[in-house]
Amino acid sequence: MPAQDQLTSDRAALESELIETRRTLHRQPELSFAEYRTAELVAGRLRALGLEPRTGVGGTGVVADVDGGRPGPTVLIRADMDALPLDEIDGRPYGSEVPGRMHACGHDAHTSALLGAASLLVPRADSLAGRVRLLFQPAEEIGAGALAMIDDGVLDGVDEAIAAHVFSPIPFGLVATRPGEMLVGADMFELAVEGGGGHSGISQETRDAVFAAAQLVSSLQLIAARETLPTETLVLTIASIEGGKAANVVASRVTLRGTIRWLDEAVRERTLKRIEEIAAGVCAALRVSHTLRISATMPVLRCDEAPTDLLRGAAAAAGATVIDPGLVTASEDFAYFAERVPAGFIAVGAGGAGCGAHHAPDFDIDERAVGMTAEILARAAIARLGGEPA
């Protein structure tokens, strides 16, 4: 049997185990920098494969190396592990068992897939000229985990990096990747509005933070709608409004949380400046104060030609159809790795009936994408290190 057919056969034999791992992780989601049970599961599975994982890297991350039989370059494969703070819809047998937490972006699938890639790589290690570094990263959702792991030295000696993301907008069987700019940069911000609060029946005596926040939600949209060229990339979203608890008490503080997504650094700088200016103007007019804080920044993800070609070839050999998605206005802190070493990124189709949007309470995936992702990642690493062909 040709080597590439054997890899597909080995992946098929792992499929049910990978899906069950994904469901185990899905039932017990953990938030950023609190992925303790997830990291423990990962480390245990890696030890069972004969590897020697390092834990507590970058906070709660896990790293293990698969050493080849000959010297050569080091390829890093990254998966993220954290969940999001929202409630999943009811009725799923593998639904979240933790109120207020959900794997709503597929990081449970990524973790399971990289464990699957490890299972495919370890028996083939002797044929490799180099090393595969398996990196299980915390805190992607808050844009902080990649830098924490980099600060802990995970890129020492690394020559290239690859990563994959399950992607519900396209069906199973398609994968999307491209060289150059693939994902936009992002800033997560928190805009706090503070007034005097008071009695809702005597509102003329209040400095109303709720009313001011409502004006800001509308006013900030003029930056994208009226101050940005149609040829420029900018998405400004207010995703959360928090303030007050009672119907008869005007809240003294309201916090808006949101993101800006951008491609050009000049657009980013201009937008942040205008958010501050508009907030200052609206709040001054309404006799309240404000504080703007940037909680995280993720750069534009720019992929390199060589690792992208590896992922294309690996996906085709795994039976997927490769498409160019164009620029996608989502963001990934994997971009920090891509700033430092040549990198490739692939979106693996996982959509279908019953699969909601990413970051939504009804998000789900076609679970066949877990095995497909594992095979693509393993094939790409093997091809780069001169083992079996992609």
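Aromatic pairs come to 2 in this model, where rings of Phe, Tyr and Trp (its six-membered ring) pair if their centres lie within 6.5 Å, and planes under 30 degrees apart count as stacked, over 60 as edge-to-face and the rest as tilted. One of them joins Phe334 and Phe337, a tilted pair with 5.8 Å centre to centre and 40 degrees between the planes. In the other, the ring centres of Phe334 and Phe345 are 5.9 Å apart and the planes stand at 35 degrees, so this pair is tilted. The pair of Phe334 and Phe345 links distant parts of the chain, 11 residues apart. Phe334 sits in the loop between β15 (321-323) and α9 (335-340), and Phe345 in strand β16 (residues 343-351). Here helices (H or I, at least four residues) and strands (E, at least two) are DSSP runs, numbered from the N terminus.

A word on the source. This is a predicted model, in which local features need pLDDT of at least 70 and side-chain atom pairs count only at pLDDT 80 or more, while totals for chains, interfaces and linings use all residues. Residues are numbered from 1 along each chain as its sequence is written, and side-chain values use heavy atoms, with hydrogens and water left out.

Next, two helices. How do α2 and α3 lie relative to each other? Helix α2 (residues 36-48) packs on helix α3 (residues 107-121) at an angle of about 10 degrees, and their axes are 10 Å apart. Axes are lines fitted to C-alpha atoms, for helices over the stretch in contact, and angles run from 0 to 180 degrees between N-to-C directions. The two helices are therefore roughly parallel, given that angles under 35 degrees count as roughly parallel, over 145 as roughly antiparallel, 65 to 115 as roughly perpendicular and the rest as oblique. On the α2 side the contact is made by Thr38, Leu41, Val42, Arg45 and Leu46, and on the α3 side by Thr111, Leu115 and Ala118; contact means heavy atoms within 4.5 Å. By class, this contact has 5 nonpolar, 2 polar and 1 charged residues. For those classes, Ala, Val, Leu, Ile, Met, Phe, Trp, Tyr, Cys and Pro count as nonpolar, Asp, Glu, Lys and Arg as charged, and the others, Gly among them, as polar.

That leads to the cores. A nonpolar core is a set of buried Ala, Val, Leu, Ile, Met, Phe, Trp, Tyr and Cys residues joined through side-chain atoms within 4.5 Å. In soluble globular proteins, nonpolar side chains tend to be buried together. The largest nonpolar core here has 60 residues, and those with the most contacts inside it are Leu46, Val132, Leu134, Phe136 and Ile376. Which helix gives the most to this core? Helix α10 (residues 368-384) does, with 10 residues. Another core, of 26 residues, lies apart from it and includes Phe189, Ala213, Leu236 and Leu256. Leaving out residues up to four places away in sequence, Phe136 touches residues including Val42, Leu46, Thr111 and Leu115.

Now some single residues. Ala139 is in the loop between β4 (129-137) and α4 (145-151) and is buried, at a relative accessible area of 0%. Its phi is near 60 degrees, a positive value in a residue other than glycine. Arg287, in the loop between α7 (265-285) and β13 (289-298), also has a positive phi, near 65 degrees. Most residues other than glycine have a negative phi.

His26 belongs to helix α1 (residues 3-27) and is buried, with a relative accessible area of 0%. Beyond four places in sequence, His26 touches Glu88, Tyr94, Gly95, Ser96, His103 and Asp108.

Is Gly201 buried or exposed? Gly201 counts as exposed, at 59% relative accessibility, and lies in the loop between β9 (198-199) and α5 (209-219). Its C-alpha atom is separated by 49 Å from that of Ala146, 55 residues apart along the chain.

Gly58, by contrast, is buried at 7%, in the loop between β1 (54-57) and β2 (61-67).

How values were computed: Buried < 20%, exposed > 50% of the residue type's maximum accessible area, 1.4 Å probe, protein only.
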